[in-house]
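This briefing looks at the fold of one chain and at its contacts with a partner chain.

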Amino acid sequence: MKPSRLTLAQSDARLGLALVAPVLICLLLLVLYPFVFAVYISFTDRTVGAQEVKFIGFDNFRYIFGQYSFQQSVRNTFILVFFLQAFKLVLGLGIASLLNQAIRGRTFFRGLVLLPWAMPAFVAYLLWKFLYDPTQGGAFNMILGELFGTQLDFLSSKELAMPSVIVASFWRGFPFWVISFLAAMQGISVELYEAAAMDGATAWHRFRHITIPGIQHVVLVITLLSTIWTTNSFENVWLLTQGGPSDATMTFPVLAYFGMQTLRIGEASAVSVAMLPIFTMLAFFAVKLLQKED
Amino acid sequence: MVTRLTTPQKVLAYSLLILLALFILFPIYFMGITSLKTVRDIYRVPSLLPINPTLQNYEQLIGTWKFLDAIKNSVIVAGLTTIISVFISSLAAYSLVRLKYRFRTWSARLILFSYLTPSSLLFIPLAVIIAQLGLANTHLGLIFVYLTFAAPLSTWLLMGFFRSIPFDLDEQAMVDGATRLGALFRIVLPLSAPGLISCAVFTFTGAWNELLLGLIFITSPELRTVPVQTNYLITGDTVRMGLVMAAAVVSAVPVMVLYFFAQRFVVQGLGAGSVKA
């Protein structure tokens, strides 16, 4: 090897580190360090402005595990994520297939689907808060009043609050799935479908044996990523119900935020840290999937 | 694209599409008309039509609620986050795709891990760290924490775009006497313009829309960003639906316009890396 090439490799290595350094420093300081720090403070009695911080082992965890709000938040987070993801997956596939047909106005409808997702999440949830408004000023109750002479407490009744949060979250979240699925569907070669049609395959068979295998990787990636973010979403519950009525929609990010407001950050941190095992597991699979893409 | 549809199939498809359009558009329509109504009209004359439209809510939003200041704050925070993030992410992505060095794999892993880590897991320790850095209640502090979601996403997206540019092009430029950085700025970046645009759109809208961290880090009313100021419209004693809907319209319009014009890049970016939603 010529000496000049060696220096090129060396200078490349130095340059490489220098170029990646700004992002790396940011992430070490503001992601990795807080991550470790969160675990550490969840084992302490830290409060905002406290002079002394004591290590108290699992006391925070024992305390929050015994709390009704926490038990509710685990249960609710699970219910919310399960139903929301199931709806987004099934209806997302359905709508994407519909928009993948040879119909007039396809481009228009595709642009339309993007709308709820283009809207800021906090705007979408405020908007739904007023669609659900318990008075006749709310859109749904206005319609219910006109048609059936009745009104519903969408967000303040224990039975309806969670379904209402799920529907609103679906409205804001489904376009991301549809657009991703649609992009994947368009990557499948048309000849495959033509050949199958010639062999007399039904629409369902074509969907099952051509579309599904063609998009399964994307479906898996989207489901996994979205599950991570849905599990941790704050705005939907915060803006619609603030976790109420009496913790019926409490999820763990909202509970952690309330904990933070009481300034007992050791405890609040324990709420987030208790969710780490699930996050780590999902993230582990997501990393594997995404790196396989390279 | 699949096969031609028969007439009954077409009828079914269009019925479903119309239902879908109603589901999407009705809430948006309601937001628009409600923002144009007075409190009296909203409750006394419930209607799905824009009766007695007035700009009163918008005037109040700008007058009493100083919404223009919030917009200015959001533009500063989201704009600076975008510029800084796209710049440092381009450097990082180039380094990770084109150069070989010892910590490369670990760096890529950390970026992917950060990309997946939701801010609701980190906001408590972040608040402590930002306070220790003396950046609590400043726009700079907010920009800093926004980089934690913006930079990993942009780096990840740009790595995909850079990979699709033939390595020969860089090497050709270097044979012609360009340095590595010259190749990055004169060859790779211009060819990745669509990628840079989708990163900028995602970063700007992400920062423009962000509520949780804004709520935690900004305590002075005059520093509030749009989502934070809007949040205080609904946590007050009396919630005025028309006013909140006006705030919603004003907050949504800039990003929706941005998405409309950048639709192509948004969809392309989605395909390239699956964006946080």
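Into which domains is chain A divided? Chain A splits into domain 1 (1–35) and domain 2 (42–293), with bounds that come from an automatic or database domain assignment. This is a predicted model, in which local features need pLDDT of at least 70 and side-chain atom pairs count only at pLDDT 80 or more, while totals for chains, interfaces and linings use all residues. Residues are numbered from 1 along each chain as its sequence is written, and chains are lettered from A and ligands numbered from 1 in the order in which they are written.

**Fold and extent of chain A**

- Chain A holds 13 helices and zero strands, where helices (H or I, at least four residues) and strands (E, at least two) are DSSP runs numbered from the N terminus.
- The radius of gyration of chain A, taken over C-alpha atoms, is 25 Å, well over the 19 Å that the globule rule (2.2 Å times the number of residues to the power 0.38) gives for 294 residues, so chain A is more spread out than a compact globule.
- The C-alpha trace of chain A spans about 85 × 75 × 30 Å along its principal axes, and the centres of its domain 1 and domain 2, taken over C-alpha atoms, are separated by 37 Å.

**Contacts with chain B**

- In chain A, 82 residues are in contact with 80 residues of chain B, a contact being two residues whose C-beta atoms, placed from the backbone, lie within 7 Å.
- Helix H1 (residues 3–41) of chain A gives the most to the side that touches chain B, with 21 residues.
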